[in-house]
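Morning, everyone. I have one model to show you today, and I'll go from a single residue out to the whole chain. Here it is.

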Amino acid sequence: MRWLGGASLAAGLFVSAGHAQQDDDAWLDDMFGESSEPRDAAPSEREPSETKRDDTAGTAPETVETIPLPQPESEPLPSAPRQRRTIEEIVVTAQKREQGLSEVPISLSAFDENFLIENGISDFRDLSAFVPNARIDANGTLPQLSIRGFNAHPLNRAFEQAISLVVDGVTYGTSPFFQTPLYDIGRVEVLRGPQGTLFGKNSTAGAFNITTREADADRIEGRISVQGGELERERVELGVGGPLGGVGHWRIAGLYDARDGLIENTTAATVPAANERINARDRRAARLKLAFPDIGGFGLKLGAETVDVSLTGFGAELYLVAPEAEGLYRLFDPDFDTTPNNYVGSIDAPEFTEITGEIYTLELTRPLGGWDMTLVGGYAELLFENAADTDFGPAPSLTLLQKDNHPQTTVELRTASPEIDGLFGLDSLFGRDLGSSRLTAGVFWQDRGFEDSEAGLRIDPTATIVFLAGDTLPLPIPIPDPLPIVFPPNQPQDDEIGIIYYDQTTRSAALFGQFEWSPTPPLTLQLGLRYSDETKEADWNSVTVQGTGLLARAALGRQPYTASRERSEQQLSPKVLVSYAFSEDVNAYAGWVRTFRAGGFNQIASTGDPEGLEYDEEQVRSWEAGTKLTLLDGAANLNIGLFWMNLEDFQVVTQDPSDVGFTVLNAGEARARGVEIDGLWLANQWFSLQGSLGYNDNEFLNFPFGTCAAGSEDTDGDGDERCDITGEPLDFASKLTVTLNPRADFTLPWHGLSLTVGAVAAYQSEYFADNALRDERVKQEGVTRWNANIGLGAADGSWRFRLVGENLTDEVVASYKSDVPLATDTYYQTLEPGRLLYGELSWQF
């Protein structure tokens with residue numbers, strides 16, 4: 001297979017280069033000025049080690065007369081050994097115990113606090129450039145979360161996620177938690193591939209395992225950063241902590257992050273209530289952490305956090321407009337914009353998204369006979385409110401109003417054994433030594449609510465009738481000049497309003513264990529198993545609260561109904577893996593895993609048809625193999641992972657051509673296979689290069705019920721108006737992603753200053769930017785984006801000022817594309833930020 005051959009070639013070139021460099025370092029010395037003098041200590045992977053400077057350098061030497069003496073012959077002194085920077089390995093908890101990153105047999109990317117600061121990581125979208133085969137865009141209305149092409153539909157927040165989110169040991173189950181900001185973070189681990197054994201069944205694509213900064217400082221210390229830049233960017237982040245009366249530690253962190261909208265809105269001049277700019281954000285958060293290392297033999301950690309996220313709008317612009325639709329739009333906004341990719345939209349509804357909530361966590365630890373016992377608990381509640389203009393234009397046709405509450409209580413009790421001689425105490429069998437073994441096991445319980453949900457659809461009768469009639473006209477509507485506004489928005493009391501009231505409870509319980517046996521020191525066999533039991537209950541009440549409901553039925557297929565459902569699932573998620581340490585620098589692994597994504601209910605079902613209310617669980621089988629290499633005497637590492645994932649009963653959302661309601665289906669089969677590579681090279685004392693590559697050959701193996709663009713129904717001729725997209729790639733799945741991140745750190749020869757220069761080049765190949773719609777008009781072409789930064793600060797890191805540029809070539813990239821309801825051959829898109837510049841001043845004490 002060509003993709004396997006390419007991965008092997010890339011790995012072979014990197015390793016061959018490493019051996020060549022170990023044999024002869026002279027070329028690096030010439031290129032980078034590598035000193036042959038020994039150094040006192042090896043620095044971390046982020047900070048160059050300090051070197052002693054001659055304070056008399058640059059001054060004329062004093063001349064002293066000397067008497068020449070004969071010199072005795074002597075043997076030449078041996079040259080001092082060179083010392084390079086070595087990578088300081090990140091300690092991760094991807095297997096529920098602390099391990100070095102190279103020890104973990106998982107396709108895994110880990111980022112420490114320094115990396116997150118240097119690259120300006122403030123949310124999940126910022127991370128995606130550095131993670132092979134991952135795409136993360138947590139915008140205001142439609143957060144897209146994808147690893148290896150597998151994701152959950154963003155509109156249905158009752159949909160189980162394919163990616164698990166774990167923060168400080170607590171699992172969060174719904175998409176609004178991904179829309180909260182990242183701040184004062186100690187470490188982010190991105191686990192690719194199914195993680196069902198230890199992280200639960202709703203991790204079929206992977207998991208984010210995040211650790212916030214610990215409260216462990218023995219003195220008052222902290223960091224403050226302030227940013228300002230284009231689009232009235234204002235960001236202040238604070239993290240400070242210290243000792244607590246000799247019995248513990250405390251840490252307080254806070255965030256204020258605001259900027260103006262990316263999209264200018266022409267309709268604001270006509271409709272005063274409309275947003276002048278769309279896709280602005282205002283994010284505020286605060287966190288308190290307390291840690292007590294020893295309370296009667298127990299370790300106790302407590303956390304409390306509050307979040308408030310405000311986003312103005314979806315950020316949509318129309319980029320393809322049929323002539324008939326353009327004439328209709330100009331009846332409502334004479335300045336209606338039709339130029340694509342110019343960050344100008346025309347939206348009449350006052351769009352917003354508000355996410356507010358509180359999070360409380362507890363961790364209790366105690367060693368017991370060499371075993372580590374850990375109890376993790378958490379309670380969280382997020383309130384989500386949203387208004388979105390779902391006709392995506394200046395006509396007041398359709399406005400979606402949503403709100404729901406997301407409370408959850410989580411408890412996990414687990415134990416991790418020490419390394420035990422033999423097979424759990426059995427040292428030998430038939431005279432053969434049985435090596436050593438370890439066990440991680442636990443119980444998990446979670447109660448999640450999806451409460452007080454309201455999905456309201458407001459329909460303006462006048463505008464909707466105009467579009468339903470105008471969309472059937474054979475010729476463009478003539479546009480008079482000057483243009484009269486002949487269709488002013490209706491009064492609110494004239495609108496038709498339908499609401500789907502929805503409540504859901506989910507109770508999950510699980511037993512899990514992961515057993516590791518090393519019959520010989522280099523060989524480890526890993527067996528994992530998780531038993532899950534989950535019950536869901538849901539109630540719908542779809543009603544028309546204003547108007548007749550006839551328009552909702554005629555245009556959108558929406559009908560009043562009431563329904564109640566209950567479902568229960570029990571699953572076993574097994575895992576088998578073998579790893580082998582060829583040396584301290586070369587580890588390899590191969591394994592197989594099966595896990596599930598829970599079935600559930602369609603929160604926004606248009607009708608009470610039983611087939612449209614419920615969907616079944618999704619099953620994934622994955623084969624994984626990889627190697628983790630330490631190269632160049634610890635100055636470089638390279639991680640390579642191969643994967644082959646098959647999903648059965650794949651959960652997808654599609655639309656029937658007769659309406660714009662969403663239907664959830666189990667869509668036969670899907671497959672993803674490919675390679676993930678990432679690595680870091682500390683070339684010398686001042687230059688480093690980090691990179692990643694993801695190749696993902698993915699497709700629907702069987703999916704006859706895809707979404708069709710209006711006017712192209714039943715393309716396969718089977719009598720079903722939906723389109724067969726078997727053989728097509730998965731949603732939002734680029735086949736190739738590549739990132740290079742060079743960085744240079746210089747200690748300047750005056751005033752104790754340092755200079756830092758960095759860049760990021762991120763390439764992603766083309767992808768279809770819609771859910772289950774395969775049309776060239778919703779394809780995002782491949783693109784390379786460049787970020788760069790330059791910073792000047794104190795050599796000891798106490799302060800720094802940076803200038804940062806994002807997307808320097810101002811590439812236009814759509815995070816989402818789709819066709820517009822009620823307007824044939826008209827399409828909208830949401831855009832990621834164009835070129836942005838900002839400055840940052842930080843102080844560390």
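Let's start with V240. It is buried, at a relative accessible area of 15%. Keep in mind that this is a predicted model. The cut-off for buried is under 20% relative accessible area, so V240 at 15% makes the list.

Where does V240 sit? It is part of strand β12, which covers residues 233-244.

Which residues does V240 touch, once we set aside neighbours within four places in sequence? There are I220, E221 and G222 on one stretch of numbering, then W250, R251 and I252, and finally F845. One spacing to note as well: from the C-alpha of V240 to the C-alpha of A217 is 9.2 Å, and those two are 23 residues apart along the chain.

Now the strand partners. β12 pairs with β13, antiparallel, over eleven bridges. V236 faces Y256 of β13 across that pairing. Together β12 and β13 make a hairpin, with three residues between them. Look at G245 in the turn: its phi is positive, about 55°.

β13 itself runs over residues 248-259. Ten of those twelve residues are buried, so call this strand mostly covered. Next, β13 also pairs with β16, residues 280-295. That pairing is antiparallel too, again with eleven bridges.

On to the cysteines. How many disulfides does the structure hold? One. It joins C708 to C723, with 1.9 Å from S to S. The link is right-handed, at 125° about the S-S bond. Both cysteines lie in the loop between β38 (687-702) and β39 (736-747), 15 residues apart. Buried or exposed, for C708? Buried, with a relative accessible area of 8%. C723 is buried as well, at 6%.

Last, the whole chain. We have nine helices and 47 strands. Of 845 residues, 56% count as buried. Take the contacts between residues at least 6 apart in sequence: 71% of them join residues at least 24 apart. The accessible surface comes to about 35,300 Å², and carbon and sulfur atoms account for 56% of that.

To recap, then: V240 is buried, it lies in β12, and β12 pairs with β13. That's my tour.

Technical notes. Residues are numbered from 1 along each chain as its sequence is written. This is a predicted model: local features need pLDDT of at least 70, side-chain atom pairs count only at pLDDT 80 or more; totals for chains, interfaces and linings use all residues. Side-chain values use heavy atoms; hydrogens and water are left out. Helices (H or I, at least four residues) and strands (E, at least two) are DSSP runs, numbered from the N terminus. Buried means under 20% relative accessible area, exposed over 50%, partly exposed in between (1.4 Å probe, protein chains only). Contact means heavy atoms within 4.5 Å. Accessible areas come from the Shrake-Rupley method with a 1.4 Å probe; for residues, only the protein chains shown count as cover. A disulfide is a pair of cysteine sulfur atoms within 2.5 Å. Two strands pair if DSSP finds at least two bridges between them.
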